[in-house]
Amino acid sequence: MSIPRLQNFINGEPMANTTGETIAVTNPATGKVIYEIEIADDSVKQAAIESATAGFKQWSAMTAMDRSRILLRAVALLREKNDELAMYEVLDTGKPMQEANCVDVVTGADAIEFFANLAPTQVGQQQDLGGDFYYTRKEPLGICAGIGAWNYPIQIACWKSAPALAAGNAMIFKPSEETPRGAVELAKVFIEAGVPAGVFNVVLGEGDVGQWLTGHPAIEKVSFTGEVGTGKKVMASAASNLKDVTMELGGKSPLIVFEDADISQAVAAAMLGNFYTQGEVCTNCTRVFVHESVYDAFISELKQRTENNIKAGDPQDLEVNFGALISKQHQQLVLDYIAKGKAEGATVLTGGNKMSVPGADGGYFVEPTVFTDCHDDMTIVREEIFGPVMSVLTFKDEEEVIARANNTPLGLAAGIMTQNVRRAHRVIHQLEAGICWVNSWGASPAEMPVGGYKLSGIGRENGIEALNQYTQTKSVYMGMVDLDSPF
Ligand code: NAD
């Protein structure tokens with residue numbers, strides 16, 4: 001049986017490469033190849049730039065109202081196709097359908113709706129200078145590149161294209177080679193909605209295709225989601241022609257459970273922030289600091305709920321709430337971290353092993369794992385694992401836990417559980433993180449800006465400010481009187 005092929009999506013349609021080179025894409029829940037992608041070769045890359053140049057010219061000349069109407073049609077189409085698109089995400093990522101059908105496409109569509117509605121509100125300024133005056137225009141940047149990670153493929157493609165397109169830019173998007181389908185489906189939706197051909201192109205391939213984009217002189221901005229190490233390479237390459245960058249990178253985020261917290265809610269937050277999407281979420285609270293006075297109660301409920309309420313299985317089964325890790329290689333990486341945790345003296349409270357799952361044979365599962373007896377200097381407490389591995393630590397007082405929570409080069413997210421409103425604000429204001437939750441974890445609505453402090457990133461996605469990051473200000477000085485010149 002021949003394997004289905006996914007082609008690059010250029011100038012409004014699929015485009016074949018000339019080299020014939022492909023990469024196989026595997027369903028992580030079965031370990032089986034489901035289709036292959038054609039790698040963008042020189043002919044595809046050239047067409048991507050040429051059509052984006054033409055697309056940008058047409059798109060940027062339209063009024064923001066017209067762009068907004070078209071993007072809102074894309075939102076409606078995404079919602080109509082929700083279950084079909086969610087299923088592609090399940091097959092590509094191994095995440096449960098019960099998440100994908102209410103989060104991945106929905107939050108992607110929300111971002112496009114938010115920025116589509118915001119686009120016509122963008123205005124310049126005008127100021128009188130005593131006869132002469134100046135005004136400003138918010139102009140799009142040109143062709144932007146989006147480069148995505150594999151954990152939320154269609155959501156990432158939507159979050160990057162939404163402000164870019166709303167502001168009048170074109171985008172060439174490179175999805176992760178492990179989960180490429182969502183971006184191509186989004187490109188088709190944009191065309192169906194009436195976005196001109198070339199405004200959103202998708203190029204397929206590995207890091208070298210991403211590198212081509214980041215170094216290309218015709219690209220004005222790069223919005224990247226991925227690991228810190230890759231982010232540094234992307235930024236260095238983008239410096240070649242001083243491209244603007246947005247960087248959404250990794251995290252090692254703290255959740256602080258104070259002595260007055262609602263313990264069941266704290267356990268819910270810790271589990272959501274470690275086991276949702278089988279732990280493959282950048283904002284995960286992989287360092288859970290629990291006040292020593294409530295430690296026993298917290299641990300006992302955490303163990304009971306982790307062992308009884310998590311159901312691994314075929315991710316397409318709507319009862320399943322825990323899926324497979326993205327690849328065999330990643331599964332091994334997570335298992336290696338677990339081995340390091342044990343070797344460095346942490347205690348496995350529950351989990352800690354590879355999992356074989358009936359109904360998902362051959363899938364790359366790892367048990368939801370909780371480590372206790374952790375110390376701040378252990379590898380599992382310092383490094384991002386990107387799997388279902390939680391480290392629980394104890395603390396005695398507020399000042400101490402703030403210092404320990406901040407003692408990391410990363411700063412993506414942070415959260416606290418407390419009933420004390422003054423403490424909530426006091427502590428949150430001292431945490432070095434871009435996304436903070438009080439008595440909550442994980443929600444990321446389109447209205448709220450998200451991004452990292454320190455090594456976790458640069459710039460923000462979502463929220464009003466993200467639109468500004470896709471425009472540049474042109475100042476126009478109007479001389480109303482004759483120039484007074486000494487020459
Ligand atoms: P990755 O850095 O390995 O790859 C990300 C993307 O970059 C892929 O499309 C890859 O092909 C491409 N790439 C690789 N080398 C490149 C290069 N030299 N130049 C340009 N592009 C290149 O990351 P991943 O393994 O796909 O994703 C997991 C990471 O993403 C985790 O660290 C996670 O925390 C992070 N992440 C962050 C956010 C956020 O919003 N902060 C969201 C999701 C994931």
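**Close-up views of a predicted model**

**View 1. Helices α3 and α5 cross at about 115°.** Here helix α3 (residues 82–93) packs on helix α5 (residues 104–118), and their axes lie 8 Å apart. Axes are lines fitted to C-alpha atoms, for helices over the stretch in contact, and angles run from 0 to 180 degrees between N-to-C directions. Helices (H or I, at least four residues) and strands (E, at least two) are DSSP runs, numbered from the N terminus. On the α3 side the contact (heavy atoms within 4.5 Å) uses Asn82, Leu85, Ala86 and Glu89, while α5 brings in Asp104, Val105 and Val106. Sorted by class, that makes 4 nonpolar, 1 polar and 2 charged residues; Ala, Val, Leu, Ile, Met, Phe, Trp, Tyr, Cys and Pro count as nonpolar, Asp, Glu, Lys and Arg as charged, and the others, Gly among them, as polar.

This is a predicted model, where local features need pLDDT of at least 70 and side-chain atom pairs count only at pLDDT 80 or more, while totals for chains, interfaces and linings use all residues. Residues are numbered from 1 along each chain as its sequence is written, and side-chain values use heavy atoms, with hydrogens and water left out.

**View 2. An open antiparallel sheet has 3 strands, in the order β6-β7-β25.** Strands count as paired if DSSP finds at least two bridges between them. At the edges sit β6 (126–128) and β25 (471–478), each pairing on one side only. From one strand to the next, the twist averages 20°.

**View 3. Glu248 sits in strand β12 (residues 244–248).** An unreviewed UniProt entry lists Glu248 as "active site"; positions there are given in the numbering used here, feature names are shortened, and annotations may be inferred rather than shown by experiment. Glu248 is buried, at 8% relative accessible area (buried means under 20%, exposed over 50%, partly exposed in between, with a 1.4 Å probe and protein chains only). Leaving out residues up to four places away in sequence, Glu248 touches, among others, Lys160, Phe224, Ser456 and Arg460.

**View 4. Helix α10 (residues 263–275) packs its buried residues against several elements.** Buried members of α10 include Ile263, Val267, Met271 and Phe275. Their packing partners include α11 (295–309), β14 (287–291) and β19 (389–395). In β19, 6 of 7 residues are buried. β14 runs parallel to β19, joined by 5 bridges, with His291 opposite Phe395.

Definitions and conventions: Expected span 1.5 Å × (residues − 1).
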